[in-house]
Amino acid sequence: MAFFSLVMLAMFPTIHANASFAKLIEAYPEALRKLFDISNYTTGPGYLRTEVFSFMAPLLITIYAILQGSDLLAGEEERRTIDLLLANPVSRRRVVMEKWLALATGVGALSVVLELLLGLIGPLFRLHLGWRQLSAEVLGTALFGLFGGTLALAWGAWTGARGAARGVAAAVTVAMYLLSALAQLVSALGSFEWASLWYHALGGDPLTTGFHYWHLGVVAMVIGVLLLAATLLFDRRDLTT
Amino acid sequence: METATDTTVDQSVAISLDHVTKIYRGGGGVYELSLDIAVGEVFGFLGPNGAGKTTTIRLILDLIRPSSGRIRVFGLDSRTDSVAIRRRVGYLPGELALYERLSARQILTHFAHLRGGLDWKKVEHYVEAFDLDVDRPVRSLSRGNRQKVGLVAAMMGDPEFLLLDEPTSGLDPLVQRTVQSEVRRAAREGRTVLLSSHVLSEVGEVADRVGLIREGRLIDIESVAQLQGHAAHLVEVRFRGPTDVQTFISLPGVLSHRVDDRSLHLEVAGDLNPIVALLARYDLEDLSIREPTLEELFMRFYGVSDG
Ligand SMILES: Nc1ncnc2c1ncn2[C@@H]1O[C@H](COP(=O)(O)OP(=O)(O)OP(=O)(O)O)[C@@H](O)[C@H]1O
Ligand SMILES: [Mg+2]
C-alpha cells in the first residue's frame, strides 16, 4: 500500500498538468464509476468484476507472486543458503528455471482455487458465470500475477537484493494497473494503454467477452523475455558472500 | 561434454590455480595466486581474517568469478565446466547457512537427490561419526550442530575433492578430532582435501603442505615439517631469585630473547629439553611455553605485521 500511495504521488504532477484532469474532476462520479469499473454493477459478471477481479483477486495473486519471486533467488542469496545449493552439480540456469517453475506452480494452484471457488460457489449467490469466461478472467489474472513474480525473480537474479526486487515489481505492477485504469478517464493516456500488461491481461473484460489470445500472448511473451533475462543475468554474476 | 581435452593436464594434479586475481569493488580480494595441489594431498590454507581464503575457495566453485587468471580442477576449467567439477567436489562454506525450517535429514536428502541420488548408508556413516541428530529442524540446532550438518553434507558422497572452509569453527575439541580423522581417511583413500584455517596447530595436525596467505597474497608454501621447524616455541619465565640470563641465551635453539621486569621471554626452535633442564635449577614464580600465534609467525618469518 505504501508503494501504491507513492506511485499515486509520483504521478500527481503529470496528472495535474494535464488539462483533461480538470474534466476528470468535473465528471467525478462518472469517472469513479469507470475507474472501479462499476458500470455493470447490477449484473452477475459486473458485480464480480467490480468486487473481485477489478482489484482483489489480481492484487492477492500478484502480491503472492512478487513475494515468492523475490524470495526464491534473492531471498536464498540474502540468507546465504545459495552457496550450499550451488555447491551441488546443478547449473545456475537450471536453478533459475526450477525456481520459476516453483513460482508458476504456486500461481497456478492459487488460480485453480480461485476458479473453482467462484465457479462452484458463485451460483449459490446467484452469480451465474460461464466457465469459459471465468477461465479467461482467471487466466488473465494468473498471467498478470506471474508477470509481477517473474519481474521480481529477474530483478533478484540480477541484483541479489530481495527488498529492491519486491519494490521494483510492486511499483511496476501498480503503475500498469493505474495506467490502464486512468486510460479510461484521461484520453491522453489512452494511446499508451498498450504499454500496460494489466490492459493486455484483464483490460478487455474477459469475464464477459472471453479469451483474447493476442493480448494474453503479449503477457506470456513478456514473461518469457523476463525469464530469459533472469537466467542470463544470474549466470553472469558474482554471488554475494 | 568433454571440452577440448587438454593433453598438457597432469593427471596427478587435483587443482591448479594459475595467476588467479580477484579484486572486489572495495579493493580487497586475492592477487596472482598460483598453486598446484596434488591428488591425494591434504593442503592447508592458513591466514588471518580477511586474507582471502574464502574468496579463493568460492572462486574454485565458480560462485564468484576471477578478474583474471585460470583455475582448473582435475583438468576441468572452473568457468566452463563448473557443473562437472561440482559433481566431484564436496564443499563446506565458511559462513554456513542452512534451510532453517528443514531438518538435517531433509536437507541431506535434497542435496543427495541433486547429486543424482546417494546411498543413505554412506550418509549414515557420517551422521554417526559426527553424532548428528538428523530429525530436528535446523532452526533448533546449536552452532556446532549446524556445522556438523554442513560437514556431513560436504562429505556424504565421499567426493574426490573436499573443499572445507574453516571446518572446525564452532566445534568442540572432540568433534574437531572427528573432522581431522575423516580428513585423514579421505587422504588415505586417495582423495584430495583443501581446508582453510587461521589456527596453525589445527592445520598442522592434518595437512601435508600449508599455504600461507595474507592480504590476498600467497606468501609461502611449506611442508608442515618445515613450518613446525620454523614454529619456535615462546617461553616466558618469571624467576623468584637472581638469574644468569646469559646461560639461557646461549642455549642451542634460542632465536631471540627479551627481558622485562623479572620475566625472561625466549623464542626457542627445536628441542625444548635443554631449556627445561636448565629451568629446573631455578626457583620459578611462573612459567609458560606456547606455540606462536599465526600473527607472531607471520611477523617472525615474513617481516609483516598488522596495519
Ligand atoms: N563480497 C565482497 N565485497 C567486497 N569485498 C569483499 C567481499 N568479500 C570479501 N571481501 C574482502 O576480500 C578480502 C578477503 O576476504 P575473505 O573473506 O576471502 O577472507 P578470509 O581469509 O576468508 O577471512 P576469514 O578468516 O575472516 O574468513 C577481505 O579484505 C574482504 O574484506
Ligand atoms: Mg573466510
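**Notebook: around ligand 1**

I began with the shell of ligand 1, and helix H1 (residues 53-60) of chain B gives the most to it, with 3 residues. Helices here are DSSP runs (H or I, at least four residues), numbered from the N terminus. Before going on, I noted that this is a predicted model, where local features need pLDDT of at least 70, side-chain atom pairs count only at pLDDT 80 or more, and totals for chains, interfaces and linings use all residues. Residues are numbered from 1 along each chain as its sequence is written, chains are lettered from A and ligands numbered from 1 in the order written, and side-chain values use heavy atoms, with hydrogens and water left out.

Next I looked up where the ligand sits: ligand 1 lies between chains A and B. I found 14 residues around ligand 1, with B:Gly50, B:Gly52, B:Lys53, B:Thr54 and B:Thr55 coming nearest. A residue counts as near if one of its heavy atoms lies within 4 Å. By type, the shell has 3 nonpolar, 9 polar and 2 charged residues; Gly counts as polar in this scheme.

Then I checked polar contacts (pairs of N or O atoms within 3.5 Å). Oxygen atoms of ligand 1 lie 2.6 Å from a polar side-chain atom of B:Thr54, 2.9 Å from one of B:Asn49 and 3.1 Å from a side-chain N or O atom of B:Glu166. The protein covers 65% of the 640 Å² of accessible area that ligand 1 has on its own (Shrake-Rupley method, 1.4 Å probe).

Last, I looked at chain B as a whole: it divides into domain 1 (13-228) and domain 2 (232-290), with bounds from an automatic or database domain assignment. Their centres, taken over C-alpha atoms, are 40 Å apart.

How values were computed: Polar contact = N/O pair within 3.5 Å; in protein donor to acceptor, adjacent residues only side chain to side chain. Helix = DSSP H or I, 4+ residues; strand = E, 2+ residues; numbered from the N terminus.
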